[in-house]
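Morning, everyone. Let's look at how two chains meet. Here is the model.

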There are 2 protein chains.
Amino acid sequence: MSNAYPLDPAGLQAYLLEQIGPARSLQLAVEADDPETVVIAAPLEPNRNDKGTAFAGSLLSVAALAGWAVVARWCAAESLEAEVVLRSSSARFLAPARSGFRAVAHRADLSQCENLSRMLARSGRGRVEIPVEVSSDAATVMSFLGVYAVLLQR
Amino acid sequence: MSNAYPLDPAGLQAYLLEQIGPARSLQLAVEADDPETVVIAAPLEPNRNDKGTAFAGSLLSVAALAGWAVVARWCAAESLEAEVVLRSSSARFLAPARSGFRAVAHRADLSQCENLSRMLARSGRGRVEIPVEVSSDAATVMSFLGVYAVLLQR
């Protein structure tokens, strides 16, 4: 994704639904997309597992996308034409999600952003860690840490 | 899942498609379900991202399910009525998947199985680590490690 990154919830939602098959089938909905936070939600029904709770893979999917969006958004705001890809992830499942759920990704802290800027200026590539929390019914059901690689396109 | 665990690929596939919404929408297909290995595949098209490769969340989904199936299968073979849930996971993304992909989960090694049996006998609960590899076009695209909790139902 490049400078065309949509900087508002409706624009991001349209992009995800058009470009990413599972965003459609899992019925993801962008609830926030601002400089500090990206929030992506999903209803239980299309994500239900055999226990009647949310499928682990769906929790991982919303988290991976929210983290990706927060990095892609930062690149766009910095006028960087860059590809953002998930390099590694870890997750802890804390409780079952018994209804709809939402992933909240926060922008990396200032020192990480400055470090990423330096890496990109030096070599055209860098990486950044984004923590994401997924909640359901006001409880945290999964904590996720994504390491995203950023590759300048030039 | 309990003793009703289906011990063949067609039975497992029917179970997943009936019980797990994303197994239908991501078009998962069970290719092997034997005492040593569970293999779950998916086509690219319903799992495509904005780069034309497989969405990270879909790679995580097939891996999480294949690992779960290998543990649920072991419980059924041991005549244990148990719930199996993913407790934590970590994954490394090694290359983009440019076509269909498959997750291969191997049964835990003998010492882990013996350890799990002891934990279950003592407290009714235990956990086991299952490594899963996801490949596409004969290359490994993601390596995944799932820690699954096993809870005896009694």
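A salt bridge here is a side-chain nitrogen of Lys or Arg within 4 Å of a carboxyl oxygen of Asp or Glu. Between chain A and chain B, the count is 0 salt bridges.

Some ground rules. This is a predicted model, where local features need pLDDT of at least 70, side-chain atom pairs count only at pLDDT 80 or more, and totals for chains, interfaces and linings use all residues. Residues are numbered from 1 along each chain as its sequence is written, chains are lettered from A and ligands numbered from 1 in the order written, and side-chain values use heavy atoms, without hydrogens and water.

Now the contact, meaning heavy atoms within 4.5 Å. Chain A gives 33 residues and chain B gives 33 residues. Why do the copies meet through the same surface? Because 100% of the interface residues of chain A are also interface residues in chain B.

Next, area. About 2500 Å² is buried between chain A and chain B, 60% of it on carbon and sulfur atoms. Buried area is the accessible area (1.4 Å probe) that two parts lose on being put together, summed over both. Asp50(A), Lys51(A) and Phe55(A) supply 24% of what chain A buries against chain B, more than any other three residues.

Finally, the strands, which are DSSP runs of E, at least two residues, numbered from the N terminus. Strand 3 of chain A and strand 3 of chain B (residues 82-93) run antiparallel, joined by 5 bridges. Strands pair if DSSP finds at least two bridges between them. Ser90(A) has Ser90(B) as its bridge partner.

Terms used:
Helices (H or I, at least four residues) and strands (E, at least two) are DSSP runs, numbered from the N terminus.
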